[in-house]
Amino acid sequence: MSERLLFLTGHLAYPRLERIMRSLGETPFTWEIRDIGVKVAALMTEAIILRRLGRPVAVDRIILPGRCRADLAHLQDQLGVPVTRGPDELSDLPAYLGRGGQAKDLSHFSIRIFSEIVDASALSIDALLARAAELRKSGADVIDIGCLPDTPFPHLEDSVRALKAAGHKVSIDSANRHELARGAGAGADFLLSLEENTLDIAEGSGATPVLVAAPHGDLDSLVRAADAAVRRNLPFIVDPILDPIHFGFTASIARYIETRRRLPHAEMMMGTGNLTELTEADTGGITALLMGICSELDIRNVLTVQVSPHTRRTIEEHDAARRLMFAASTESALPKGFDAGLVSLHDLSPYPLTREDIAGLAAEVRDTNFRILTADDGIHIFNRDGHYISRDALSLYPKLGVEADGAHAFYLGAELAKAEIAFALGKRYTQDEPLDWGCATDKQEETKDRLREAGHTLRAKV
């Protein structure tokens, strides 16, 4: 017997929900739609649902609008039927129901992120621990202590021990043999970077050496260093070194390919900071591309750094990209349709409603509350008294009649400005919701089992 679904909605959304469901054609489930008796579907509450939904409920699952704030467990207990929350936008319902794919599992990854603190020698132990905690929260797996040339680092050992005591994996990144030996002696987990003539530093320390070529680009020396590590029974990682654009970038990609050919089973590292830090471009796309190369070449370690202001979210981007690439690789699929948060500036589907859909909604409105939406022709704002469309938010002000209501004017100004930004960039705009910038910003956690508190401008009127 096929699953029986019941969709609860409001007056305004009912016709469109019915259209979308009918457009699905034959489905592996049966469905019905119930207008719960509210105008805006998102405003239905637990009390309204429990009061207006007849018993018994002869279905297998109830689906609420995505923006409905209600305690699903309580509803399920009272109704005796599983209750779930659907997508925020009706246009996303087909995908939610399996047409176009369910939400993908992005919980797994295979790439380890080393995050370098380049000014570690200038930081106090407390400041270093605070920085490391932030990096780990962003997605870093190993805290890389950067040592600067000709700069004393008297608290190097104490730094390693403090980080280890706080539960971090630690690497030492130095060109100075003495500093590397001190880090190894203090218990560092990885040493960056050793070559065939300095490999002895790692011996007996328990640290894993990250091997580089000497001189730079000499793959024969890198392979000799790897062979020497094998003879000494040392675990190791090889790093052919990624060079910046116009300073050997393309050739360095070829080195990675050749290294993988010559050392097919070796652990490898790519230092992605030479691209993200040294290219003035948004780092999300650069990171996605580099992590795609890592996925194809089975490079399972990346060294990142976020020093320049434009790289402030690069750890989060690497974390999102490694999950995206792992999921896509596991399914032998393109890295598309996984929603990993790397699409920050534009949206794949910016307009959930057409201009005709919005006109239909506007014609049904019978109150003075303004609704704001965007479509391919601009920003729409409407209530029972009018429907206005513009690409310029400020031009709408004379038409709204809110001159005497400062709080309402402020609210509409803030929302319209957000809508204008979304329209200009081709991003999805949702009234009363922040714009979604993917992993470029932190997202506020929100409980959906109760209605939100009134906002500042509404409270100002009480």
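**Notebook: helix packing, cores and ring pairs**

I started at a helix contact: Leu156, Glu157, Val160 and Arg161 of helix 6 meet Glu179, Arg182, Gly183 and Ala186 of helix 7. Contact here means heavy atoms within 4.5 Å. I sorted the residues of this contact into three nonpolar, one polar and four charged. For that sorting, Ala, Val, Leu, Ile, Met, Phe, Trp, Tyr, Cys and Pro are nonpolar, Asp, Glu, Lys and Arg are charged, and the others, Gly among them, are polar.

A note on the source: this is a predicted model, where local features need pLDDT of at least 70 and side-chain atom pairs pLDDT 80 or more, while totals for chains, interfaces and linings use all residues. Residues are numbered from 1 along each chain as its sequence is written, and side-chain values use heavy atoms, with hydrogens and water left out.

**Geometry of the helix pair**

I looked up helix 6 (residues 156-165) against helix 7 (residues 177-186) and found an angle of about 35°, with the axes 9 Å apart. The axes are lines fitted to C-alpha atoms over the stretch in contact, and angles run from 0 to 180 degrees between N-to-C directions. Helices are DSSP runs of H or I with at least four residues, strands are E runs of at least two, and both are numbered from the N terminus. The crossing is right-handed, that is, the near helix is turned clockwise from the far one by less than a right angle.

**Cores**

Next I checked the nonpolar cores, which are sets of buried Ala, Val, Leu, Ile, Met, Phe, Trp, Tyr and Cys residues joined through side-chain atoms within 4.5 Å. Buried is under 20% relative accessible area, exposed over 50%, and partly exposed in between (1.4 Å probe, protein chains only). The largest core has 69 residues, and Ile145, Ile172, Leu191, Leu211 and Val238 have the most contacts inside it. Apart from it lies another core of 20 residues, including Ala41 and Cys68.

**Ring pairs**

I found two aromatic pairs, counting rings of Phe, Tyr and Trp (its six-membered ring) with centres within 6.5 Å; planes under 30 degrees apart are stacked, over 60 edge-to-face, the rest tilted. Phe114 and Phe190 are edge-to-face, at 4.9 Å centre to centre and 70° between the planes. Phe114 sits in strand 5 and Phe190 in strand 8, so this pair ties together parts 76 residues apart in sequence. Phe114 is buried at 0%, and Phe190 is buried at 7%.

Tyr351 and Phe423 make a tilted pair, at 6.3 Å and 40°. I noted Tyr351 as partly exposed at 25% and Phe423 as buried at 12%.
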